[in-house]
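Colleague: Could you take me through the packing here, and tell me what stands behind each term as we go?

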Amino acid sequence: MPGRVDHHGLQVFLLLIVVRALVARPAMEPGLVAGLAAAASVVIGLETAPLIAAAGVAMTIGWLRASAGSDDRMMGFGIGLGAGLLAASIVFRTSSWGYPGCDGFTMVTWRAAVIAAFAPMGMALAARDIARPATRAILGSIIVIVVGVGMVLVAPQCLSPYGMVDPMLARLWLAKVGEAQPLFATPLPIAIGYAGVMVAGVAASAWRVSVTRDPRWASMLLVQVAALLVTCLQLRGAYAGAILAAPALAAVIAAARARGSLSLAGAWLASAGMLYPMAAQAVAARASTAQPGARAADAAAPPAKRGFSTLPHCRPGGCWLRSISGPMPSARRDCRWWARPIIGTMSGIWRSIASSSGSPIRA
C-alpha cells in the first residue's frame, strides 16, 4: 500500500534484487543490476550490509569453481557497486556527509564501500585465464587481504559502527530500541515472533541443499544464515530473513503436496508467517499473568528510568513528546521547544531524554 513501505521494506526489496543474481544465469547484466541495488541499499542504511557481503561471498564461491559466467558476474557486481556509490556521493550527499562515523551514508562509509567494490573487479580481472580453483583461491585471498587492509586504513570507524554514539546516549536510548536488541536477550514471545519463520526457512533451505545439491540453493542458504546471525546480534535482521525464507518454504509445500493432505497441512502451518506471532501472543499472555506487579513497579520508578514508552509534559509554557520510536510529537502554539523522535537524530533524542527527566531545553 502507498505510504506503507519504510526503509526496511525498501532495503529488503533491494536485497532480493541482489539475491536474484545468485540464482540467475551468471552474467554481466545480473551482476551489474545487483551491484546497483547493493549501492542503493548502502545509501539507505547499513542494516543489510552483512547480507550483501554474504551474497558477495556466494558469488565468490561460484568464481572459485570457475563456473561459466562467474567472472562476468563478479565484474558486473563490482562495477555496479562502485558506479552506484559514486553517483550516490553526488546526489545523496547530505549535511551529515562529514560526520566521522560509520552508522549511515557518510564519507567514511562511502570510502569503505568503494574500496570493497574493487574486490570483485580485481578477482574477475586476475583470474580471467585461470581455471584451477586452488590458484583462484590464492589470488582471491590476496585480493581480499589487500582490500580489507585498505578498508581498515581509510575507515577504521567501520570496525565499530556505534563507536561515535555517546555512551550515555547508548545506554539511555540505543539499549532501548527494540529492533536493536540481540535475539537471545529478548523475551521468548518477541524472539518467536521475530525469528520463527526465518528459522523455518533456514531449515527448509538446508533440506533443499541436501536433496538437490544445487549451488543456487546453497547460495540462498548462505544469505539466510547471515540474516540469522545478524538477528542474533540485532532483531532487525529478521526482516530480510523472513522474506528470504519464502522460496524454500514454497518448495517444502510443493513436496508435501505429493505426500498427502496431512503432510501438506503441516507444511502450510510451518510456512505460515502469522503462526509465529500468534504463538508469541499465547506465550506472552501466559507470562503476563505471572507478573502482576510489573506495571506498578515501573510507575514508581524515577522518570529518567522509565524508558520512552511515555514521556511527561514539559515545564510550564510547554509542549509534550511521544515515544522516541513513535509518531511526530504534538505541540501547542505556546510550545518553546520540541524534539522530533526519529532514530538517528541525535539532538532530538537528547531533547527527548531531557524532557523525560524534567530538564528544560530550548531549541
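Modeller: Gladly, and I'll start with a definition: a nonpolar core is a set of buried Ala, Val, Leu, Ile, Met, Phe, Trp, Tyr and Cys residues joined through side-chain atoms within 4.5 Å. This is a predicted model, where local features need pLDDT of at least 70 and side-chain atom pairs count only at pLDDT 80 or more, while totals for chains, interfaces and linings use all residues. Residues are numbered from 1 along each chain as its sequence is written, and side-chain values use heavy atoms, with hydrogens and water left out.

Colleague: Which residues have the most contacts inside the largest nonpolar core?

Modeller: Leu 15, Leu 51, Met 59, Leu 85, Phe 105 and Val 223, in a core of 51 residues. A second, separate core has 12 residues, including Ala 204, Trp 217, Leu 221 and Ala 251.

Colleague: What does Leu 85 contact, leaving aside its neighbours within four places in sequence?

Modeller: With those set aside, Leu 85 touches Ala 39, Val 42, Phe 105, Trp 110, Ala 113 and Val 114; contact means heavy atoms within 4.5 Å.

Colleague: Why does Thr 60 count as buried?

Modeller: Because its relative accessibility is 18%, and buried means under 20% relative accessible area, with exposed over 50% and partly exposed in between, for a 1.4 Å probe and protein chains only. Thr 60 sits in helix H3 (residues 49-64); helices here are DSSP runs of H or I with at least four residues, numbered from the N terminus.

Colleague: What makes H3 roughly antiparallel to H4?

Modeller: H3 and helix H4 (residues 70-91) pack at about 150°, with axes 9 Å apart. Angles over 145 degrees count as roughly antiparallel, under 35 as roughly parallel, 65 to 115 as roughly perpendicular and the rest as oblique, so H3 is roughly antiparallel to H4. The axes are lines fitted to C-alpha atoms over the stretch in contact, and angles run from 0 to 180 degrees between N-to-C directions. Thr 60 is among the H3 residues in this contact, and Met 74 is among those of H4.

Colleague: And why is H8 roughly antiparallel to H9?

Modeller: Helix H8 (residues 188-212) and helix H9 (residues 215-233) pack at about 155°, with axes 9 Å apart. That angle makes H8 roughly antiparallel to H9. By class, their contact has 11 nonpolar, 5 polar and 1 charged residues; Ala, Val, Leu, Ile, Met, Phe, Trp, Tyr, Cys and Pro count as nonpolar, Asp, Glu, Lys and Arg as charged, and the others, Gly among them, as polar.

Key. Helices (H or I, at least four residues) and strands (E, at least two) are DSSP runs, numbered from the N terminus.
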